Amino acid sequence: MTVREFSALGVIAVTIWAGAFQLTTASLPEIAHATGRLAFYIRLAPVLLGALPIIAATAGQFASRPARKVGEVEEVGSIFRIQDHALAFERNILLILAIAMLIMLVCFVIFTWRMGSRDRSIDLASRANNTYFIRYRFLALTIGGIVLLTTAFILLPDRLAQFFGSFGVIALFAVCVVGLTVHFALLTIKFTFPFIPVVFGGLFLLASLLGGDDHELRTAAEANSLPKDARMSAVAAFREWLLQKPRLAEARRLGEYPVFIVAAQGGGIYAANNAARFLARMQDLCPAFRQHLFAISAVSGGSVGSAIFAAALHAENASLDSNAADGKTCPKIADFLAGVGRVQDIDAPGPVEQRVASVLATDFLSPLVAGFLFTDFTQMFSPVAIPAFDRARFLEYTLENAGDKMLDSHKGTGDQSNLLRADFQSHWTVGNNMPALLFNTTDAGSGKRAVISPFDFDPLHPNDTDLCVLAGLERVATGADQTVKSHSLRISLSTAAFTSARFPWVTPAATVSLKNDCITTNPQARLVDGGYVENSGIETALDLIEKLNSIKGTSDAPKFRIYLLSLVSGRFGDHGSFMFGELMEPVRALLSTRSSRTYVALNHATSIDRRPDAEVTPSVQRFPTFGRTDITGLFYSLPLGWTLSQKTEDIISLSSGRFWDCVPKDDFDQSRQRQSNADCLQVKLFHLLNGSVASAFETLKDAKLAHAAYADELAKEYRPTPKIKPQPLLACYESNWLQERGYEKYQDKAAAYAHQLTESSKDHSPAPSPVPPYRKSYMAYFQAEQVKALLQEWDRVEETDPRILAYILGSVSYDSSDFTRSSENFSYSAVSQLPQKWHDRIDKNNAKLVAANRPPVDVNSLLNHPKELANFVLGYDGNPFGNQPGTDDGWLFRPRGMYQLVGREQYQEAQRQTQQLDELEGLDLLTLPDALRDAKISAKVTFAHFRISPYENHQTLFELLKDRAKDWTAVRALQTDMEHAPADGARVNARSEMFLGCIEEALHPTKIKTLQSQLYGEE
């Protein structure tokens, strides 16, 4: 709550008290024997009524405090720890605000009680009644003020409401309603005639009987100028979409063209955030994603999020040819999985996600509240329908205006028109490189699914099906000769999205006039939220997939496979409360069965891969064709309303895909409990787009075999008492190095942007792209695991000098780019993906082949063949790694580990050193080189090198570090097997100093630091 909300709450409370006080002042003289206890109750009533909003807000503050979790949120590298730290400040500030409200409540009660007890106050109230509230001209003035305020909200549907905020709008409504009520109540007392029930009840009854419905679907601005083109069937549209030349070329490259269909669940603004962020982030990571994304089946909030994503995507270059065949498929994911070094700005949002985030940050709730309380509330008493009073339009206008702001602040390279204002049908064609949006609604009369779609599912539109397309139908002839012409309704994209999100009573059912006997034989249909039938969008997606798969095996269609990606959190809910027994049980049963249908749909979707498929070779491993993400509020239930706090947006963002947090199971789903599967879904989509599915399974299989080979022996190892608690040290490393350096880099970027902006204004050149908002960097799970493995090895040695550990951590973190460089996988799908060092080695090797009158190797023949590439660049004649030419040594002994080993000789030496220390006696790196992918084994090899490898005067690094005459810079200069120039020494020295400080802090934590962390978290 801000000062604005506090002020609005105070206005609401004072207004209710003042209105009630005015009425009690006027009523007391009319009540006989109003003395003693009765007089006390009459005086108390206004105070209690005024206090109710403050009591409710206080209870809300207590109830909204995020739960505090112990244990599972304390691990560095967990997204739940990030969330917990981000919420620590809110958790405490909400308690402070609740206490402040209690104080406000006490002050309010004391103030109003004392004011109500004074004769002067009663006299002032009586005069106000006699000079203002009882006068007809002032009643007209009050009504005129309400009309002006209502008109202002109609003219400025979003800006005015957002200026006041939700509480401010409610406060204005309270002032209007209380003022009007006092006027009519005093007239009732004066004339002893029930004006309020007669006037307002009569108007309400008249409006209800005459059907003053203002909820007709709004048509698009250009509706009258657009021709009524006949619609395509889904099968014909998909065939034409698939036969676009760039897609045919990609199908030839991959062998099988992956097609993605997304199902986005309902759930208000949080579902909109989840859908828009996942899709936008996937697009930023993999520019080719949009080329393979055929359709999005969305419900409610998922429909709004999908529309926002489409508008953001529309602002980028939409040409199919823009997806260059030689470009990196997914640059960040490719570099990360290749293990070639630290990926810069790994978690920085891309341009599409920035646009999406700017729209999602909009306050949709305040305009909706204004429309509900001022315009639609007025419509309840009007027998004449006034379309501008429809509160659903307030949401649509707010979304469209947010789209305008997005285009102004985040200009792209594509069409800069606002797609949200455009006709729904115009958002998709077979060649515009945009996904087809399928918005699911429910017909309130029949209970059928009515899907707003750019194409028809079935060209015959049978009326005995549960799925109908929202379009005008014209049936020609009957029986077997019957043909059906369908015409699209001309509604805007924003209107279509919010039609899918009409969940009464929050937003009203939409009235649509059409001729469509599949939906209804009546001339009008009433559409409500698609979640009434099924809240995941999966059933519609499965119906579409069944239609599209019918063209498999036809002569002109390339080989393709459809993958269904579900952005849904489907779990059977618990029964919950049994309050009100038989009265509420039918309602609870209806709501529970509605929710459970999502889970039923999920089970239906998972059964797809169990069906026989003639095109699938059993020996070839494939990803399942159904993948899902999930999002769960660990600390509080995610809100279903139409506005989100920044912290909730951050929580959703953390669950919308962090590929570097993927620890895959055998089927490449996330193995870490309670982590979002979106992490691994991003990795799966990369391999599908990259054509590296087979090598991904092979790499995972090798890593699993290597881990299993030594798992029992590692589990039986003696675990001494930890010398240093890992979590405090990791937290210090994260804060004092990763985040501080990240913020310094951000400041440099911001300064460079400011300079470029100044220069562009001087020479009138195009303005540079804005720098995205600063976002803190957090240590990833895999990074934390490697540091913990090194600390476990430190526990096993007798040495206790913290300077030695500080140098080990400092040097290894420098050489491994903060523990991000792991095994290189050599899986590249384009020449541009190859690191420069491998480019140079290929050129040198080819030059030798040409000199020996042998044909050079075509670099393209090495793409998507990681084993052949590794053997060529690491296993050539005369290589310095000890690899035997003509064998797979280059592939088997490729760069791996924290202290990276390359080549047979280094692997053999590392094995000897480890065995010399009696560590993992059965370790055989020559047979199972992938064992180095295990953080614990990699840490053992690292420590063995520091303890045994000889350097100056045959001294080991441990011995050199014990020599106080040599500082860290001097030791690094002697470490000739790594980069050891003066600049490298200075960088290692800085990191070692930082780690030494973190070690001291972990060993001797200060109470004030602990208290500060608990109170403020990361703020």
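I started with helix α29 (residues 904-916) and helix α30 (residues 935-948), which pack at an angle of about 80 degrees. Their axes lie 9 Å apart. That makes α29 roughly perpendicular to α30, because angles of 65 to 115 degrees count as such. I keep in mind that this is a predicted model.

Next I listed who makes the contact. From α29 I noted Ala 910, Arg 912, Gln 913, Thr 914 and Gln 916. From α30 I noted Val 941, Ala 944, His 945 and Ile 948. I then sorted the contact of α29 with α30 by class: four nonpolar, four polar and one charged residues.

Then I turned to helix α20 (residues 646-654). How many of its nine residues are buried? I found seven, so α20 is largely enclosed by the rest of the structure. The buried residues of α20 are Lys 647, Thr 648, Glu 649, Ile 651, Ile 652, Ser 653 and Leu 654. What covers these buried residues? The cover includes α3 (79-117), α10 (268-285) and α14 (351-360).

Last, I checked Ser 655, which sits in the loop between α20 and α21 (678-690). Is Ser 655 buried or exposed? Its relative accessible area is 5%. The cut-off for buried is under 20%, so Ser 655 is buried. I set aside its neighbours within four places in sequence and looked for other contacts. Ser 655 is in contact with Ile 79, Gln 83, Asp 630, Ile 631, Ser 676 and Ala 678.

Key: Residues are numbered from 1 along each chain as its sequence is written. This is a predicted model: local features need pLDDT of at least 70, side-chain atom pairs count only at pLDDT 80 or more; totals for chains, interfaces and linings use all residues. Side-chain values use heavy atoms; hydrogens and water are left out. Buried means under 20% relative accessible area, exposed over 50%, partly exposed in between (1.4 Å probe, protein chains only). Helices (H or I, at least four residues) and strands (E, at least two) are DSSP runs, numbered from the N terminus. Contact means heavy atoms within 4.5 Å. Axes are lines fitted to C-alpha atoms, for helices over the stretch in contact, and angles run from 0 to 180 degrees between N-to-C directions. Angles under 35 degrees count as roughly parallel, over 145 as roughly antiparallel, 65 to 115 as roughly perpendicular and the rest as oblique. Ala, Val, Leu, Ile, Met, Phe, Trp, Tyr, Cys and Pro count as nonpolar, Asp, Glu, Lys and Arg as charged, and the others, Gly among them, as polar.
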